[in-house]
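This briefing goes through a few local features, grouped by topic. Please have the sequence and the coordinates open beside the text.

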Amino acid sequence: MASKDKPYRVYKGGRAKGPIRPGSLKEESAGRDGDAYKGPKPARKPRRWKRWALWSFVGLILLVLVWTVLGYLAFRSGIKDANKRLDPLAERALTPQQGLMLSNPSNILVLGADVGSKSRRGVQGRSDSIVLIRTDPDHHKIALLSIPRDLRVDIPRHGEEKINAAYAFGGPTLAIQTVERVTGLQINHVVVVDFGTFDKVVDALGGITVNVPHPILSNKFECPRATQAACARWRGWRFHKGEQTMNGHRALIYSRIRENQLNPSESDFTRGERQQAVIQAIADKVTSFGMFLKAPFTGDDLVRPLATDLSAAQIVQLAWVKRRTPSSGWLRCRLGGTIADIGGVSYVIGSEENVSVIAMVTGKTAPQPPTPGSGLFGPGCLVGK
């Protein structure tokens, strides 16, 4: 047999075991000749998509940072204007905040001024809503305390009056002093909301979602019809049960309803609960991702109806406290009492149980709902949003 036909190769170490691949001899020969050998294979180039992904990620981070800064600057500009709108006397009436709001309790008084009502435009008027917000970051709790506008209290230098008259007599300064006297709590911050432009805030947010617990047919106020005859036939504002998205005007009407023709047992306290629901809905929308995307364009508009001492940094801290608070950490509380007619004027005479409600708000005692038999105006606290 010729050597080229042998099915094996001969090496100094002996014959290699196993079959010979058809192309192996040719490759070996080409390597010896040197004509077809092209040297070692070049190193593999790194994949370009990895580099592209890395730079895309870095660009996204930079875009988010720039967008955040632009939104914050727009928001801060609006807050500075809101700070200028607050009476300097009201700011001096406040108790300074101890430390950061991120780690220390804060008491924030929210006053809804009814100067925006069509029947009272141009007049200072009374505070249409009074809500005290207490934050407790260490325990992840936020309490909303509604104070009925008809609660009979001792207003400094004016005697026994409805608590909402304090705003009419002395603006936010006297309202702060009166609420401190009634609750025994020091007020650290104040926010005055002009209901005349409140609807613009909600519209700037793109509307809010509110869960209406029961159907409502309101009493007749601020008729939307064009003629008196049409208003005479109009029955009132209607709200169906369930979650619904409200624009600014609709949310304002919902928070102002004092009578429900479908449920005569509702009272001014029910109205306070509606106002709390609107406040929570606005807070949820303000801290949402969608608002982050629109912040550079709407940051200034959000605070246009407000007058406050809060800085932009403090409001950001407040938003973070709100996001960290679980649903079980929210308290919805109210002061209450009994109805009495004094001199032809209807008042709410405060109950002794209001002291216990304040203790619930501050976390000294466990929250309790209104006691059975306490009537429509029973004081107490409910847990959850």
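The torsion about the S-S bond of C223 and C231 is about -100°, and the disulfide is therefore left-handed, where a disulfide is taken as a pair of cysteine sulfur atoms within 2.5 Å. The model is a predicted one, in which local features need pLDDT of at least 70 and side-chain atom pairs count only at pLDDT 80 or more, while totals for chains, interfaces and linings use all residues. Residues are numbered from 1 along each chain as its sequence is written, and side-chain values use heavy atoms, with hydrogens and water left out.

**Disulfides**

- The structure contains two disulfides, and, with bonded cysteines counted along the chain, they follow the pattern 1-2, 3-4.
- One of them joins C223 to C231, with an S to S distance of 2.1 Å.
- Another joins C333 to C381, also with S to S at 2.1 Å, and with 115° about the S-S bond this link is right-handed.

**Strand 8 and its partners**

- Strand 8 (residues 189-194) is mostly covered, five of its six residues being buried.
- Strand 3 (residues 106-113) pairs with strand 8 in the parallel sense over six bridges, pairing being assigned if DSSP finds at least two bridges between two strands.

**The surroundings of I79**

- I79 belongs to helix 2, which covers residues 48-85, and it counts as buried because its relative accessibility is 1%.
- Leaving aside residues up to four places away in sequence, I79 touches V303, L310, S311, A312 and I315, a contact being heavy atoms within 4.5 Å.
- I79 and S311 are 232 residues apart in sequence, yet 6.5 Å apart in space, C-alpha to C-alpha.

Notes:
Helix = DSSP H or I, 4+ residues; strand = E, 2+ residues; numbered from the N terminus. Buried < 20%, exposed > 50% of the residue type's maximum accessible area, 1.4 Å probe, protein only.
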